[in-house]
Amino acid sequence: MMKSNTNMPMCERRMDTGALSGQAQAFAEGLVRLGHTTLTVQNYTDSARHFADWLNRSGLALSDVDDRVVQRFADHRCRCPGCRRLDHVSKKYVQRVKRFLRFLEERGRRQRASVAGSFTFRIG
């Protein structure tokens with residue numbers, strides 16, 4: 001079982017992952033099974049939870065996610081609940097979100113549309 005982040009316990013609780021809550025937990029458990037460190041797992045799941053919370057706050061469903069939505073997330077002036085207060089999130093942070101979306105695809109929750117190197121997803 002993954003340790004919780006004791007330095008920022010309120011940050012995690014404020015994020016509302018909504019319908020993706022179970023998927024975010026399964027994502028974390030999968031990373032643990034792959035042997036990733038606690039810090040790596042925390043970084044990836046923080047990104048996944050943040051994206052899920054942002055989708056909810058933006059009134060978007062998982063079925064709405066495509067390249068433009070991911071870019072909007074990357075560019076948003078973050079005032080989301082938790083501990084981040086940034087004008088945008090880093091490229092590395094967005095790559096973690098994309099890994100979460102690939103995880104959803106692999107689990108059959110999303111089906112990738114084949115668009116020449118694009119990052120377009122459709123609900124499965």
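Colleague: How many helices and strands are there in the protein chain?

Modeller: This is a predicted model, and its protein chain has five helices and two strands. Along the sequence they follow the pattern α-α-α-α-α-β-β. Of the 124 residues, 42% count as buried.

Colleague: How many aromatic pairs does a search of the whole structure find, and why is the pair of Phe 73 and Tyr 93 called stacked?

Modeller: The search finds eight aromatic pairs. For Phe 73 and Tyr 93, the ring centres are 6.3 Å apart and the planes stand at 20 degrees. The limits are 6.5 Å for a pair and under 30 degrees for stacking, so the pair is stacked.

Colleague: What makes this pair a tie between parts of the chain?

Modeller: Phe 73 lies in helix 4 (residues 67–75) and Tyr 93 in helix 5 (residues 91–106), so the pair ties together parts that are 20 residues apart in sequence.

Colleague: How do you know whether Phe 73 is buried or exposed, and what of Tyr 93?

Modeller: Buried means under 20% relative accessible area. Phe 73 has 0%, so Phe 73 is buried. Tyr 93 has 4% relative accessibility and therefore counts as buried.

Colleague: What makes Phe 100 and Phe 103 a stacked pair?

Modeller: Their rings are 6.5 Å apart centre to centre, with 15 degrees between the planes. A pair needs centres within 6.5 Å, and stacking needs planes under 30 degrees apart. Both residues lie in helix 5, three residues apart, about one turn of the helix. In general, an α-helix has 3.6 residues a turn, so residues three or four places apart point the same way. Phe 100, at a relative accessible area of 1%, is buried, and Phe 103, at 10%, is buried too.

Colleague: Which residues of helix 4 are buried, and why are they said to line one face?

Modeller: Val 69, Val 70, Phe 73 and Ala 74 are the buried residues in helix 4. Viewed down the helix axis they fall within an arc of 145 degrees, so they line one face. They pack against helix 3 (38–57) and helix 5. At the start of helix 4, a side-chain oxygen of Asp 66 comes within 3.0 Å of the backbone nitrogen of Arg 68.

Colleague: How do you know that the span of helix 5 agrees with what its residues should give?

Modeller: At 1.5 Å a residue, the 16 residues of helix 5 should span 22 Å, and the end C-alpha atoms are 22 Å apart, so the two agree.

Colleague: Which residues of helix 5 are buried, and why do they line one face?

Modeller: The buried residues are Tyr 93, Val 94, Arg 96, Val 97, Phe 100, Leu 101, Phe 103 and Leu 104. Down the axis of helix 5 they fall within an arc of 165 degrees, so they line one face of the helix. On the other side, Lys 91, Lys 92 and Glu 106 are exposed. Gly 108 follows helix 5, with a positive phi near 80 degrees.

Colleague: Why does Val 94 count as buried, and which residues does Val 94 touch?

Modeller: Val 94 has 8% relative accessibility, so Val 94 counts as buried. Not counting residues up to four places away in sequence, Val 94 touches Val 70, Ala 74 and Val 89. The C-alpha atoms of Val 94 and Ser 47 are separated by 7.6 Å, and these residues are 47 apart along the chain.

Colleague: Where does Thr 17 lie, and why is Thr 17 called buried?

Modeller: Thr 17 lies in the loop between helix 1 (9–14) and helix 2 (21–33). Its relative accessible area is 11%, so Thr 17 is buried. Leaving aside neighbours within four places in sequence, Thr 17 is in contact with Arg 49, Ala 52, Asp 53 and Asn 56.

Note on methods. Residues numbered from 1 in each chain as written. Predicted model: local features only at pLDDT ≥ 70, side-chain atom pairs only at ≥ 80, totals over all residues. Heavy atoms only, no water. Phe/Tyr/Trp six-rings, centres within 6.5 Å; stacked < 30°, edge-to-face > 60°. Helix = DSSP H or I, 4+ residues; strand = E, 2+ residues; numbered from the N terminus. Buried < 20%, exposed > 50% of the residue type's maximum accessible area, 1.4 Å probe, protein only. Arc of directions from axis to C-beta. Contact = heavy atoms within 4.5 Å. Polar contact = N/O pair within 3.5 Å; in protein donor to acceptor, adjacent residues only side chain to side chain. Expected span 1.5 Å × (residues − 1).
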